[in-house]
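Hello,

Here is the structure you will be working with. Have a look through it first, then read my notes below.

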Amino acid sequence: MNVSWLRGGVSRALLVTAGAYMLVIPAAAGESGFGPVKAPKFNAKKAALGKRLFFDARLSGDAAISCASCHQPGKGFTDGLALSKAYPGSKGFRNTPTLINTALRKNWFHDGRLGTNLNDVTRESLTEDYMMNMDMRLMQERVKQDPVYVKMFKDAGYGEPSNGSIRKAIPEYLKTLISRNSPFDKGTMSDSAKRGFDLFKGKAGCAACHSGPRFTDDNPHNIGVPENPEIWSDPMRHMTFAAFASFMGIENFMNLRRDVGAHVRLHKADKSDVGQFITPTLRELKQTGPYMHNGMFGTLFEVISFYNTGGGTDANKDKALKPLNLTFQEQQSLVAFLESLSGDALTSAKHVWKDKIPSNYPAIAKWRKQRN
Amino acid sequence: MKLNSKLRVIAAGAGLSICLTAGLQAADKFPPLAPLGDPPIPLDNRQTKAKVELGKMLFWDPRLGGDASTACVTCHEPDQGWGFSDSLSRGYPGTVHWRNSQTVINSAYLGKLFWAGAAASLEKQAPSAAKGAVAGNGENDVMETRLAFIPEYRKRFNKVFGTEWPIIADAWRAIAAFERTLIHNDTPLDRYLKGNKKALTKKQIAGMKLFSGKAGCIKCHNGALATNQKYYNLGVPPAERWNEDGLAQVTFRYEQYAKGVTQKMYRKIKDDAGLYYRTKQKRDMGKFRTPPLRYTKYTAPYMHNGAFWDLGEVVDFYNAGGGANDFTNGTMAKNKTRLLKPLGLTDKEKENLVAFLEAFSGPELKMAAPKLPPYAPLANK
């Protein structure tokens with residue numbers, strides 16, 4: 001809804017007011033619907049199984065990387081890099097998004113190309129050639145070879161390990177990755193952060209897109225983030241992007257020198273969707289820099305400065321972005337507010353599989369006598 | 001025409017039963033061993049020097065694989081008979097393969113590739129190997145795009161195939177063209193068959209008589225290529241690694257899953273069903289294609305799962321009338337070929353036969369790795 005109003009050229013002040021009315025409806029959620037992230041229910045045994053799978057490198061084609069290689073708990077389930085590493089032999093062309101609160105997203109990946117569920121996201125991440133390059137049939141047989149998994153799958157009610165239940169267990173674990181104890185949620189914000197919150201809702205207009213408990217509208221927008229030149233100067237990044245673009249049916253992909261973003265999903269004929277990316281959550285930013293879909297900004301102050309100048313330059317840039325004329329102090333307050341949205345690191349055994357996971361497979365004894 | 005072809009089938013069937021009953025006297029019913037000429041070149045993939053050179057580079061290039069670590073040459077090493085010197089091939093990192101890696105030498109002559117004939121041409125074999133999860137584990141889009149970021153390849157593909165950007169199917173064509181240059185037809189046997197009576201030793205000549213006579217090898221290993229390219233179950237025992245190696249057990253089950261057997265069969269099967277995976281006919285369980293015999297001096301171990309470590313063991317196996325496996329003993333099927341019977345060879349005869357088998361191999365075909373061109377950024381146009 002907000003998006004179409006933006007396109008209609010309604011003034012920002014009116015929009016923010018209208019948005020506030022809308023968001024006020026769940027009163028229990030607190031001021032402007034920005035309350036704490038509601039934790040989804042999950043099955044503890046299934047989630048524990050998903051946790052072990054998440055940290056197991058045997059779930060990638062050459063058994064070199066696990067989900068946690070790029071989604072590291074100590075870095076808010078990101079890798080701390082501008083552009084992700086990707087599967088060996090490839091190099092990533094986007095910033096690794098956090099998985100904290102990912103269970104509550106309406107769509108996934110920076111271009112929003114999956115809008116179904118985390119089962120599909122898990123499948124995509126496991127099988128995509130530049131991510132984990134895993135043949136799921138082989139994955140199933142690897143998991144079946146580990147007696148720890150055989151027991152865990154049975155105990156979790158999945159029966160025998162299968163690639164289908166692997167793709168159920170990992171999302172169950174992801175449901176446990178929920179923001180907790182941020183100063184914003186506990187009501188312990190600094191005065192500067194409180195002033196920042198007012199600017200956020202008011203003069204700076206951030207709340208037009210960064211709304212709700214996760215501070216995102218889950219919609220694609222073009223704010224003119226500059227291209228990350230490394231994607232085009234490093235042939236391994238460029239080729240990974242080109243292969244992706246070709247797979248997604250983007251025409252003239254070898255001559256592209258920009259990340260087309262949501263265009264891979266929407267394929268609009270007028271290309272007005274080129275350069276749109278899904279609004280990211282503002283939760284846990286202290287743990288998850290660098291920022292933007294391509295990691296172009298190293299600090300939150302850079303991000304605020306970018307918006308203060310009205311965003312970047314792009315033919316398709318969202319018309320709602322205008323220079324904000326924030327003072328230096330106001331910008332600092334906004335940074336303080338953003339930092340108040342970061343809570344506990346999810347690095348304890350509750351969220352991290354701490355036991356050693358073997359890299360090899362015990363032989364099944366009396367193999368010829370056992371049913372497969 | 002229809003009637004004619006039916007008659008021919010009946011005639012062929014009759015011929016087969018005559019062979020089976022007549023046994024050893026039937027040697028002359030089979031195409032005799034003959035010198036090996038030039039390989040057939042498909043009309044739609046002609047050999048050119050530039051194409052063969054490109055194919056050689058690609059054969060060595062690990063970027064034609066999932067994580068850029070596994071090239072064709074990784075499992076087809078020139079120093080290991082252009083195969084891999086272990087019972088089961090090494091496979092993609094994190095895996096082991098489930099069959100013995102076959103030599104690339106003289107693959108140009110074969111009608112079908114892989115142990116059960118799953119690929120109809122070298123052009124089709126290369127992508128199957130490059131893409132299989134326990135072989136190259138590559139994807140077309142990634143492999144093709146990698147080639148585009150190697151300026152030397154852009155130039156060479158353009159010269160050979162005329163395309164602006166390299167096309168992955170052309171990579172397989174170039175590799176196939178290179179493989180068609182890996183020919184081994186100047187062996188002692190070839191020279192002997194061309195009239196040089198000194199090319200074989202006395203022992204080898206004695207072995208050749210056994211090959212075509214008492215030992216009956218000629219029934220399947222016949223003609224210029226020393227194979228009839230048909231499929232048989234000899235009762236080769238299952239790979240020992242499946243009993244003791246967890247990684248090999250993973251791959252074994254993966255292959256059943258990937259090749260689409262029934263749930264019932266997946267639960268029960270404990271050996272490689274070979275041709276069955278292609279035809280899904282019970283009568284094809286455990287059958288593998290008769291391999292050619294040239295270059296075998298360098299390609300140990302032998303059989304589809306590398307069960308035998310030298311040619312002496314192979315001869316012993318046949319002398320015993322073959323062996324037994326789940327597809328011969330009724331566990332899964334009873335498909336052992338009736339061509340195999342205990343041969344009653346003496347030690348001396350076995351020695352002569354092995355000596356003759358060595359006459360199928362000339363000097364080792366060595367080759368140094370080509371220099372591989374690097375990636376480079378793609379300049380704006």
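**Chain A as a whole**

Chain A has 16 helices and 2 strands. Its radius of gyration is 22 Å, close to the 21 Å that the globule rule gives for 372 residues, so chain A is as compact as a globular protein of that length. Keep in mind that this is a predicted model. Along the principal axes, the C-alpha atoms of chain A fill a box of roughly 75 × 50 × 30 Å. Of the 372 residues in chain A, 51% are buried. Now take the contacts in chain A between residues at least 6 apart in sequence: 69% of them join residues at least 24 apart.

Domain 1 of chain A puts 32 residues into the contact, and domain 2 of chain A puts in 27 residues.

Which elements supply the domain 1 side of chain A? Helix 11 (230-233), helix 12 (235-247), helix 13 (263-266), strand 2 (277-278) and helix 14 (285-288) of chain A each give at least two residues. Helix 12 of chain A gives the most, with 6 residues. By type, this side of domain 1 of chain A has 14 nonpolar, 9 polar and 9 charged residues.

**Where the chains meet**

Chain B brings 40 residues to the contact with chain A, and chain A brings 37 residues. On the chain B side, helix 5, helix 10 (241-244), helix 11 (246-258) and helix 12 (263-268) each supply at least two residues. Helix 11 of chain B gives the most, with 8 residues. The residues on this side of chain B divide into 21 nonpolar, 8 polar and 11 charged.

**A closer look at helix 6 of chain B**

Helix 6 of chain B covers residues 151-161. Which of its residues are buried? They are B:Tyr153, B:Arg156, B:Phe157 and B:Val160. These four cover an arc of only 100 degrees around the axis, which puts them on the same side of helix 6 of chain B. An α-helix has 3.6 residues a turn, so residues three or four places apart point the same way.

What covers the buried residues of helix 6 of chain B? The cover includes helix 2 (49-60), helix 5 (140-148) and helix 7 (168-179) of chain B. After helix 6 of chain B comes B:Gly162, with a positive phi near 80 degrees.

Best wishes

Notes
Residues are numbered from 1 along each chain as its sequence is written. Chains are lettered from A and ligands numbered from 1 in the order in which they are written. This is a predicted model: local features need pLDDT of at least 70, side-chain atom pairs count only at pLDDT 80 or more; totals for chains, interfaces and linings use all residues. A residue is buried if 20 or more other C-beta atoms lie within 10 Å of its own, exposed if 12 or fewer, and partly exposed in between; C-beta atoms are placed from the backbone. The arc is that of the directions from the helix axis to the C-beta atoms. Two residues are in contact if their C-beta atoms, placed from the backbone, lie within 7 Å. Ala, Val, Leu, Ile, Met, Phe, Trp, Tyr, Cys and Pro count as nonpolar, Asp, Glu, Lys and Arg as charged, and the others, Gly among them, as polar. The radius of gyration is taken over C-alpha atoms; the globule rule is 2.2 Å times the number of residues to the power 0.38.
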